[in-house]
Amino acid sequence: MSNRSVLQVGPLKPSLAQTLQDDYAAYVLPDEPTEFLAEHGAEIRAAVTSGRTGVNAELMAALPNLGAVVNFGVGYDTTDVDAAAARGIGVSNTPDVLTDCVADTAVGLMLDTLRQFSASDRYVRAGRWTAEGNYPLTRQVSNTRVGIIGLGRIGSAIAKRLSAFGCTISYHNRHAKDDSPYTYVGSPVELAAGVDVLVVAAAGGAGTQKLVSSEVIDALGTRGYLINIARGSVVDEEALVAALVDGRLAGAGLDVFADEPNVPEALLSMDNVVVLPHVASGTVETRAAMEELTLRNLNSFLESGQLVTPVQVPVTASG
Ligand code: 8YV
């Protein structure tokens, strides 16, 4: 078998892509892959990708000896895990190492959205402080009621931070967590109805598609805010934009969108909305830790057939 058994799928952090070239002589999947796959598909044992691209069932089918999809990022909703499971292909992600930065971003977005710091900054820069006087009053963050959708690693880290702000935390998950100090609520609508701020921290994928529906947004109501650091797919974005345009929701802080990097035009002129370009894990420290964990997964798989942080264990690892 060829030594060139690693395939880069989609753009990656430049230093990671460079290491894949230098240390693994990795192939890079071309934009028009048909010819490449016919010639080299059978050589590939591991694909390295990110949440932005992933490996779909069609690509897996063209890689008959694929044993692992190594994903840079905690979210792997762009990889077809069912197709991988059916073939005994392992999938790894990069949990834990990004939890703190993503939770920091959620809290920062919440502060910015309710207090309108970004909008206030624009107000000063535009000379409006001197021309028009003080900025309008905004909403308090401390002591608010916060509902978290998805109390996993990241959701729990957000809850811990917001507890220090005196916030009352409730959450919705597939199942109540026995060891959680926070109040479990049985449905997203019920959760939204009882809070000031709804924070989305659930994994993306088929099971959470538009979990934050128009009904949930209506339940959050005219004084409610939505914060999303998870995936755009978890929210009905059209319903969200419509509610913001109509003034049926107080505001939103969004790091993720349904069709990145495209952000609905209507949001761009709203001072009660903060839009970030999917930066939650984007610090030097966290991205380095994600890169390191990605390479540990790749090495471990190539050496022993085992992934370090599998989301799915290969049934028939090909060593
Ligand atoms: C990254 C993310 O921006 O980990 C995730 O799921 O969304 C982010 O940390 C992304 O994976 C990089 O492509």
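## Around the ligand

The ligand is surrounded by 13 residues, with Val74, Gly75, Arg231, His278 and Ser281 the closest; a residue is near the ligand if one of its heavy atoms lies within 4 Å of it. This is a predicted model, in which local features need pLDDT of at least 70 and side-chain atom pairs count only at pLDDT 80 or more, while totals for chains, interfaces and linings use all residues. Residues are numbered from 1 along each chain as its sequence is written, and side-chain values use heavy atoms, with hydrogens and water left out.

Let's look at some polar contacts, meaning pairs of N or O atoms within 3.5 Å. An N or O atom in the side chain of His278 is 2.7 Å from a ligand oxygen atom. Arg287 places a polar side-chain atom 3.2 Å from an oxygen atom of the ligand, and a polar backbone atom of Phe72 is 3.3 Å from a ligand oxygen atom.

## Aromatic pairs

Searching the whole structure gives three aromatic pairs. Rings of Phe, Tyr and Trp (its six-membered ring) pair if their centres lie within 6.5 Å; planes under 30 degrees apart count as stacked, over 60 as edge-to-face and the rest as tilted. One of the pairs joins Tyr27 and Phe36, whose ring centres are 5.2 Å apart with planes at 75°, so this pair is edge-to-face. Tyr27 is buried at 8% relative accessible area, and Phe36 is buried at 12%; buried means under 20%, exposed over 50% and partly exposed in between, using a 1.4 Å probe and protein chains only.

Tyr171 and Tyr184 also make an edge-to-face pair, 5.3 Å from centre to centre and with 65° between the planes. Here the pair links distant parts of the chain, 13 residues apart: Tyr171 sits in strand 7 (residues 168–172) and Tyr184 in strand 8 (residues 183–184). Strands are DSSP runs of E, at least two residues, numbered from the N terminus. Tyr171 is buried, at 1% relative accessibility, whereas Tyr184 is partly exposed at 30%.

One cavity of 30 Å³ or more turns up in a search of the whole structure. A cavity is a set of points, on a 1 Å grid over the protein atoms alone, where a 1.4 Å probe fits but cannot get out; lining residues have an atom within 4 Å of a point. The largest cavity has a volume of about 40 Å³, counted as the space filled by probe spheres set on the points.

Its lining consists of Asn228, Gly232, Val235, Glu237, Leu240, Leu254, Val256 and Phe257. These divide into five nonpolar, two polar and one charged, with Gly counted as polar.

Notes. Helices (H or I, at least four residues) and strands (E, at least two) are DSSP runs, numbered from the N terminus. On a 1 Å grid over the protein atoms alone, a cavity is a set of points where a 1.4 Å probe fits but cannot get out, and a pocket is an open set with protein on both sides within 12 Å along at least five of seven lines; lining residues have an atom within 4 Å of a point. A polar contact is a pair of N or O atoms within 3.5 Å; within protein, one must be able to donate a hydrogen and the other to accept it, and residues adjacent in sequence count only if both atoms are side-chain atoms.
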